[in-house]
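The sequence and structure are shown first.

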Amino acid sequence: MKQQSDLPRLMGYAGTHRYLTYLSWVLSVVSALLALVPFWYIWRIIHDVLEAAPDYARAANVTGYGWSAVGFAMLSVIVYIAALLCSHLSAFRVAANIRKELMRHIAALPTGVTERYGSGKLRRIVNTSSTATETYLAHRLPDKAGAIATPIGLLVLLLVFDWRLGLLSLIPVALGFLLMMKMTGASMQQKMNEYQNALAGMSNEAVEYVRGIPVVKTFGQTIFSFKRFKTSIDNYEKWVIAYTKALRLPMLFYTTAVNGVFAFLIAGGILFTRDGVTNTLLLNLIFYIIITPVIGTTLTKIMFMSEDAMIVRDAISRIDEVLGEKPLSESRAAHVPKDNSITLEHVTFRYETGKEAALRDVSLKIEPGQTIALVGPSGSGKTTLANLVTRFFDPQEGRVCIGDTDIREIPKETLMNTVSFVFQNSRLIKASIRDNVRMGRPSASDEEIRKALKDAQCMDIIEKLPRGIDTVVGADGVYLSGGEQQRIAIARAVLKNAPILILDEATAFADPDNEVRVGQALSALARGTSETPAAPAGRPADSAGSSGRKTVIMIAHRLSSITDADCIYVMRDGEIAESGTHRQLIEKGGLFSRMWNNYSQAAEWKILSDTTGLEGNV
């Protein structure tokens with residue numbers, strides 16, 4: 001995005017508050033000019049003192065000039081505070097509107113897109129990027145207006161009193177400005193983008209490393225086993241060192257130039273006093289030595305403001321990246337599926353970052369109340385298929401139907417009421433157990449919540465918590481294991497009571513005891529009972545008879561958990577390689593049969609201990 005378009009873009013978020021931004025610039029300019037007035041009084045004080053020497057009692061106006069200088073300095077501060085008040089009001093409105101627009105847009109995006117970004121990166125864009133615009137509008141732009149006005153006022157002062165000394169003072173200023181332009185040019189913008197990317201990459205890898213600490217402790221690995229994290233740190237180190245070295249000489253010359261005004265003034269003073277020293281020349285020389293440090297300070301401010309402008313430009317580009325993601329289309333017609341059957345018709349799907357299709361021409365039919373399983377090697381398309389049913393993404397070809405209705409024609413709220421899912425890494429929010437479960441159906445009563453917790457085998461969890469169902473997860477040191485979190489997530493799904501259930505390796509992170517309980521909870525959830533709450537309006541009722549069985553899609557690596565499935569679909573390279581019941585697939589002797597044999601052999605391994613150590617036997 002070009003620089004000149006950044007400010008109009010931000011002002012679009014300010015609404016009528018943009019006039020406060022413009023007012024803050026005017027006030028900042030007035031403040032900067034008022035801040036120069038005390039220098040004029042300083043010149044008057046020096047003039048009167050030199051004229052009165054050696055009888056300083058004749059300098060009767062010095063006190064008045066001094067108080068006038070103090071008065072204008074205080075007035076400058078008051079006006080500057082008013083400028084910041086106006087700029088902050090506008091900046092807060094801009095940051096708030098950016099966050100609101102981002103959150104509204106993120107809420108409308110497919111869940112698959114938000115998963116691709118990751119919660120950490122999205123949170124960083126929403127918070128850090130909007131904060132960058134707030135700092136820029138609230139502080140940097142008013143300061144920039146003042147920083148531009150200050151050199152103009154200084155130029156007038158420098159040329160009015162002694163144009164020769166004034167021109168000498170401008171030589172190092174011009175040199176410093178040229179060096180500053182070199183350091184803050186287009187190449188610097190590219191460097192800023194690289195810096196932000198390197199920092200984001202290192203932060204993401206750090207999060208993954210922290211999450212993997214239990215594995216490190218278990219297997220005695222060191223940090224070097226996390227190659228990507230170590231590589232990201234090394235890359236960041238190399239980039240920072242190279243960048244610092246590249247700016248070392250320009251920054252050295254810049255600092256020397258803007259602080260070398262004294263050398264030029266002294267040289268000029270020696271040159272101009274060859275015929276003798278006059279009070280006027282001495283007065284102007286002293287005055288210029290006092291005022292010229294303001295030039296260096298102002299130029300340094302402008303340089304850092306240019307850096308902040310680059311940060312804002314990068315922040316806006318990251319905001320636009322999120323806003324550029326297209327939300328899923330919404331159907332205006334209120335189509336309601338007639339039942340809870342699922343149909344995929346010649347579905348092909350390819351991720352944006354993938355060269356190969358994740359699913360290729362997949363077709364299948366799941367009858368109401370059926371339990372089917374998806375198995376296959378990692379990357380074969382199992383989770384992608386389930387994500388299409390929940391409409392985390394839309395396929396590029398073909399269609400996905402629930403009750404013979406294309407899910408793209410089903411309103412989002414109706415679809416979410418129709419489908420429940422329990423993932424292998426279900427997360428709880430920092431709220432009470434009650435509120436975490438109630439997310440499944442906000443209108444549920446406390447009795448219904450407790451019934452859902454009981455059906456999900458969660459009562460042992462509730463009994464050990466300090467405040468029972470009102471205990472806040474993550475507060476006061478209260479944390480749940482992976483298996484316990486799964487059971488709370490299942491209770492949420494029980495309360496929701498959707499007719500279609502998707503289970504993606506729901507027992508993957510559970511210990512043996514939790515695995516048994518999670519399995520029992522999932523069985524109860526999949527069966528459904530007459531005591532479960534009625535389906536919300538706008539959702540198909542269970543259509544598999546009085547048993548209330550749900551349509552279930554199970555993704556599993558533990559093949560023993562799917563032997564009773566009505567149909568097993570074996571995925572390979574994005575296609576359905578085989579399908580049938582467990583017995584049929586075993587008798588066929590194909591891919592599933594080989595997978596089952598490998599799984600059975602692995603399950604029979606036992607680790608025995610004797611006096612000589614550990615030994616593995618089949």
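Buried means under 20% relative accessible area, exposed means over 50%, and partly exposed lies in between (1.4 Å probe, protein chains only). Strands (E, at least two residues) and helices (H or I, at least four residues) are DSSP runs, numbered from the N terminus. The model is a predicted one, in which local features need pLDDT of at least 70 and side-chain atom pairs count only at pLDDT 80 or more, while totals for chains, interfaces and linings use all residues. Residues are numbered from 1 along each chain as its sequence is written, and side-chain values use heavy atoms, with hydrogens and water left out.

Strand β1 (residues 342-349) runs antiparallel to strand β4 (residues 397-402), and five bridges join them. Within this pairing, E345 has R399 of β4 as its bridge partner. Two strands are taken to pair if DSSP finds at least two bridges between them.

## The four-stranded sheet

These strands belong to an open sheet of four, ordered β2-β1-β4-β5, with antiparallel pairing. At its edges stand β2 (359-366) and β5 (405-406), each with a single partner strand, so one side of each has no neighbour in the sheet. Helix α13 (residues 382-389) packs on this sheet and touches β1, β2 and β4; the direction of α13 makes about 120° with that of β1. A contact means heavy atoms within 4.5 Å. Axes are lines fitted to C-alpha atoms, for helices over the stretch in contact, and angles run from 0 to 180 degrees between N-to-C directions.

## The six-stranded sheet

Another open sheet has six strands in the order β6-β7-β8-β3-β9-β10, with mixed pairing. Its edges are β6 (419-422) and β10 (575-580); each has a single partner strand, so one side of each is left without a neighbour in the sheet. From one strand to the next, the twist averages 20°.

Strand β3 (residues 371-375) and strand β9 (residues 567-572) run parallel and are joined by four bridges. I372 has C567 as its bridge partner in β9. Helix α13 packs on this sheet as well, touching β3, β7 (500-504), β8 (551-555) and β9, and its direction makes about 150° with that of β8.

The loop between β3 and α13 contains G379. This residue counts as exposed, at 77% relative accessibility. G379 and D573 are 194 residues apart in sequence, yet their C-alpha atoms are 7.2 Å apart in space.

## Salt bridges

A salt bridge is a side-chain nitrogen of Lys or Arg within 4 Å of a carboxyl oxygen of Asp or Glu. By this rule the count is 15. One of them joins R391 and D394, at 2.9 Å from N to O. R391 is buried, with a relative accessible area of 7%, and D394 is buried at 19%. In another, R408 meets D406, the closest N and O atoms being 3.1 Å apart; R408 is partly exposed at 26%, whereas D406 is buried at 8%.

R487 and D460 also form a salt bridge, with the closest N and O atoms 2.8 Å apart. R487 lies in helix α18 (residues 482-496) and D460 in helix α17 (residues 459-464), so the pair ties together parts that are 27 residues apart in sequence. R487 is buried, with a relative accessible area of 1%, while D460 is partly exposed at 28%. Salt bridges that share partners connect R434, D435, R438, D446 and D470 into one network.

## The chain as a whole

The protein chain has 21 helices and 12 strands. Of its 618 residues, 44% count as buried. Among contacts between residues at least 6 apart in sequence, 75% join residues at least 24 apart.
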